[in-house]
Structures are given as structure tokens and as C-alpha cells.
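User: I am new to protein structures and would like to learn how the labels are decided. Could you take me through this one?

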Amino acid sequence: MKTKHMYKAYLKPGKEESLKRFHPWVFSGAIARIEGQPEEGDIIEVYTAQNEFIAKGHCQIGSIAIRVLSFRQDEKIDRDFWRRKLQAAYDMRRNLHIGGNPANDTYRLVHGEGDNLPGLVVDIYGRTAVMQAHSPGMHVDRMEIADALADVMGDTIDSIYYKSESTLPYKADLYPENGFLKGSNTDNVATEYGLKFHIDWLKGQKTGFFVDQRENRALLERYAHGRTILNMFCYTGGFSVYAMRGGARLVHSVDSSAKAIDLTNKNIALNFPDDTRHTAYAEDAFKYLDRMENGFYDLIVLDPPAFAKHRDALRNALQGYRKLNAKAFEKIKPGGLLFTFSCSQAVDKDHFRTAIFTAAATTGRNVRILHQLTQPADHPVNIYHPEGEYLKGLVLYVE
Ligand code: SAH
């Protein structure tokens, strides 16, 4: 095993301000010099220009150079550290009665900065935990974290699947391999509010499912009765399955990926076998919206992938949201409901609202905001890290 050196980063004068407010990132431009030659993922201590300790965390190459794990000098980053942090995340979910019962065993256990574990995501699907590293540091420490996770979860899970091939910066020569770190559970059916879903943690997007839309799917169920529903960008068909249970007259699911359409059909069949109210189409969103009949749907869900992965893509992203939503406003039946979302971190609430407002205005329809939606409690936002608020949604009544 490699011996652990203590590396030190010294900040430029005044660059400690955000750390004093417990913001968990150090940008490369704030660093004056580094003592030693840390490798990506090593633990590094951060000092002010006055040589005062201020934080410690994982270092990496890139604009975010250090992700803070602790603001205390005496706190060691070891298996016990991971156990304490994971326990705190677990306790919060238990405290809020999220997950952990047979009707609802799908939830996010660790939401990165929101759980004071920058760069780490853990989703629980029944008896399997899917762990994802978004930073080299979390990758380097994955075995220690998996051990701690097994301690905390005890016999409530029997497998830990690691899935970081597509989430780590490619610059880091880490070659993460997806695979089980513990156990080998192949039963991939998880339950959310009593509905069953096949979770494709082997090949699916993110950790296999969009856990973050749970409460928004449940809200849609309340409005589904008797409606003709379009679920655009359906992926696993989450919104569609809830719409079916809510008593929709008809549900159409659309996604450009044939795999997503297969998964949607499987999930519908799992919950509503032989129900003819549902049909899924593999087609591009814009093409489908162009050719669909005017006034056919009276509830439309638009939940596109992140249009802006970075700040510099913001303008194009906003234009994308405008165009997409304008098509829905144009064609939705009078008295219809539009559930519209953005999961781009770079697009904030005001940007998003302006894009939707502009889209509505181009069609001249009367539009009222009924609900303003966000991510659920198992995707908490660290109050010192407002960037963690990424999911935005509006439910609109279109006259
Ligand atoms: N609403 C889903 C998550 C959507 S993820 C849920 O609740 O789980 C975004 C989806 O959009 C992906 O499945 C992706 O395949 C699909 N997609 C991306 N570009 C598209 C396009 N141009 N037209 C249709 N679907 C698209």
C-alpha cells in the first residue's frame, strides 16, 4: 500500500473567503502553490496565505482543484470518517421516512455536496446500492467507502455495484471498471410508492434510474385521471407508469433511444400487464412534436436531458428549452397541463422561468403556474453550496 504523505496547498491572499463560509470547492485559480507532488485523488490540506489551516479534501486536475471533506485539521479521512458521514446520510433518510420499506425501497442515500461528500453518489435499489464517483478522490477511496457502506447498511443490502466509467473526468488515468464491489445481486426490480421498476444499473444512464423525479411523478398521478398524456423523454417510463395508475385515458411515451423504449414497455408490463392504454414510440422529440395532432394531448411531460452541461452552453440551452416548450404550448389542448423540467445545473430557476415565459408568450396562450417543483429531500442542497440545486420544474395550466 502506498504511504500517505500530507500534501499542502497554499491559497492566494483573500482566497479563503468562500471556505470560511463552508463552500466545499477550491478552484485552481485560488491556489498560490502546492507543497509536494500529490496525485489525483490524494488528500491535501488547504492553508491560507497567512499559513492557517482552513480545510482538507481530495485534490484533482481541473478547474475545481480540491473538493473539501473536512474543515477540521484533526479529522482523519479514514474508514471511520466514511462510516460517520454515511451514517449521517442514512440517519437523515430514516428520520424523514424515506426508503427502507417494501413499498418504497428506492432512494438516494448520498447526494454529493448535499451530504457533505463532494463527488460521491449512492442510490439504493432494493437490496443493491449503486455507488458512483464523480471525482478521482472518491474513485481512489472506493474500497474504503464500500466497506463503510456495508457497515452502515448492515443486512438491509447485500450488494454494492460500482458504476463510474462515464462519470469520472477522462483526464485522470484511472480506468474505472464498472462492477460489483460486494455481492452480486441480479434481482434488479426496485419499488417506488408501490410501483415496480426494472433498474438497469449495468448499462442505464446515471445509476440506472432517475430517483430525483419521484415526488414529481407522484404529483402527476394526482392529475392523470381521464387525461390523454404524452410523456416526452420517457427513459424508463417513470412518469408513464404513475400516469397509468392515476387512471389516464391514454398514455404515449416517447424517447429517441430504442433501449429506453424497451425499458418503458417492460416497466409498463410489470405493473399493468395487457393494459392497452399505453404505447411507446422511439422518435426524436422535435419530430414527434411537429407531427403530433393539434389539441390531442391534455397533459404533456417534458423532461429533457441536461441541455447545458457547462456554463458556456447556457445560451444554446435556453434556446433549446424555449423551442421545445413553445411546441408544447402551441399544441396542448385547452385546459391542459404542462409538466416541464430542466435538470441542467448551469440553468438556474430564473433562467428557466424566463425561457418558459418566452415560449408561452410566442404562442399568446393564457398560462398559469400551478406548482414550482424541485428535487426531493433525498437530494438535499447543502446551504453553503447553492449550486447543488439543479432540478427545476413547473406545472402549468394552459387555457
Ligand atoms: N423522464 C425520465 C428521465 C429523462 S432522461 C425519467 O423520469 O426517468 C432524458 C431522456 O431523453 C433519455 O432517455 C434520452 O434517451 C432522451 N433523449 C435525448 N435526446 C432526445 C431527443 N432529441 N428526442 C427524444 N428523446 C431524447
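Analyst: Let us begin with a definition: buried means under 20% relative accessible area, exposed means over 50%, and partly exposed is in between (1.4 Å probe, protein chains only). Helices (H or I, at least four residues) and strands (E, at least two) are DSSP runs, numbered from the N terminus. This is a predicted model, where local features need pLDDT of at least 70, side-chain atom pairs count only at pLDDT 80 or more, and totals for chains, interfaces and linings use all residues. Residues are numbered from 1 along each chain as its sequence is written, and side-chain values use heavy atoms, with hydrogens and water left out.

User: What makes α5 mostly covered?

Analyst: Seven of the 10 residues of α5 are buried. They are Arg-214, Asn-216, Arg-217, Ala-218, Leu-219, Leu-220 and Glu-221. In the protein as a whole, 55% of the 399 residues count as buried.

User: Why is Ser-164 called buried?

Analyst: Its relative accessibility is 0%, and the label needs a value under 20%, so Ser-164 counts as buried. Ser-164 sits in the loop between β10 and β11. Contact means heavy atoms within 4.5 Å. Leaving out residues up to four places away in sequence, Ser-164 touches Met-131, Gln-132, Ala-133, Pro-176 and Asn-178.

User: Is Pro-176 buried or exposed, and how do you know?

Analyst: Pro-176 has a relative accessible area of 15%, which is under 20%, so it is buried. Pro-176 belongs to the loop between β10 (159-162) and β11 (179-182). Apart from neighbours within four places in sequence, Pro-176 is in contact with His-139, Ser-164, Glu-165 and Leu-168. His-139 is 37 residues away from Pro-176 along the chain, yet their C-alpha atoms are separated by 7.6 Å.

User: Why is Asn-51 called partly exposed?

Analyst: The relative accessible area of Asn-51 is 49%, which lies between 20% and 50%, so Asn-51 is partly exposed. Asn-51 lies in the loop between β4 (43-47) and β5 (53-59). Asn-51 also has a positive phi of about 70°, although it is not a glycine.

User: Which residues touch the most other members of the largest nonpolar core?

Analyst: A nonpolar core is a set of buried Ala, Val, Leu, Ile, Met, Phe, Trp, Tyr and Cys residues joined through side-chain atoms within 4.5 Å. The largest one has 34 residues, and Tyr-125 and Phe-339 touch the most other members. At least two residues each come from β13 (195-198), α5 (214-223), α6 (238-245), β17 (299-302) and β18 (336-342). The largest share, five residues, is supplied by α6. In soluble globular proteins, nonpolar side chains tend to be buried together.

User: How do you know that the radius of gyration agrees with a compact globule?

Analyst: The radius is taken over C-alpha atoms, and the globule rule is 2.2 Å times the number of residues to the power 0.38. For 399 residues a compact globule would be near 21 Å, and the protein has 23 Å, which agrees. The C-alpha trace spans about 65 × 45 × 35 Å along its principal axes. The secondary structure comes to 10 helices and 20 strands.
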